[in-house]
Amino acid sequence: MPVAVGPYGQSQPSCFDRMKMGFVMGCAVGTAAGALFGTFSCLRIGMRGRELMGGIGKTMMQSGGTFGTFMAIGMGIRF
């Protein structure tokens with residue numbers, strides 16, 4: 001299938017490029033949401049200090065990876 005060319009000669013990003021972009025955007029949004037929800041939940045159960053930072057980091061990584069994966073799949077389907 002030929003690559004579509006825009007009005008000024010630029011080509012459209014490939015499916016893999018769109019999936020990478022979707023993963024990065026989803027990872028950023030998921031990490032921010034994980035920071036908010038992770039902080040709230042860790043403080044609610046009484047974590048402090050190093051345990052608190054570890055819990056927040058774990059929640060940020062999990063939610064960022066999960067949301068990034070789903071955004072990448074969605075961008076691949078949309079292509």
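Predicted model: local features only at pLDDT ≥ 70, side-chain atom pairs only at ≥ 80, totals over all residues.

Modeller: Residues are numbered from 1 along each chain as its sequence is written, and side-chain values use heavy atoms, with hydrogens and water left out.

Helix 2 comprises 30 residues, 49-78; helices are DSSP runs of H or I with at least four residues, numbered from the N terminus. From first to last C-alpha, helix 2 reaches 43 Å, close to the expected 44 Å, the expected span being 1.5 Å times one less than the number of residues.

Buried residues (under 20% relative accessible area, with exposed over 50% and partly exposed in between; 1.4 Å probe, protein chains only) of helix 2 are Leu-52, Gly-55, Ile-56, Gly-64, Gly-68, Ala-72 and Met-75. Their cover includes helix 1 (15-44). Conversely, helix 2 is among what covers the buried residues of helix 1, namely Gly-22, Gly-26, Gly-30, Gly-34, Gly-38 and Cys-42. The end C-alpha atoms of helix 1 are 42 Å apart, in agreement with the 44 Å that its 30 residues should span. Gly-46, with a positive phi near 95°, follows helix 1.

Ile-73 also lies in helix 2, but counts as partly exposed because its relative accessibility is 42%.

Note on methods:
Helix = DSSP H or I, 4+ residues; strand = E, 2+ residues; numbered from the N terminus. Contact = heavy atoms within 4.5 Å.
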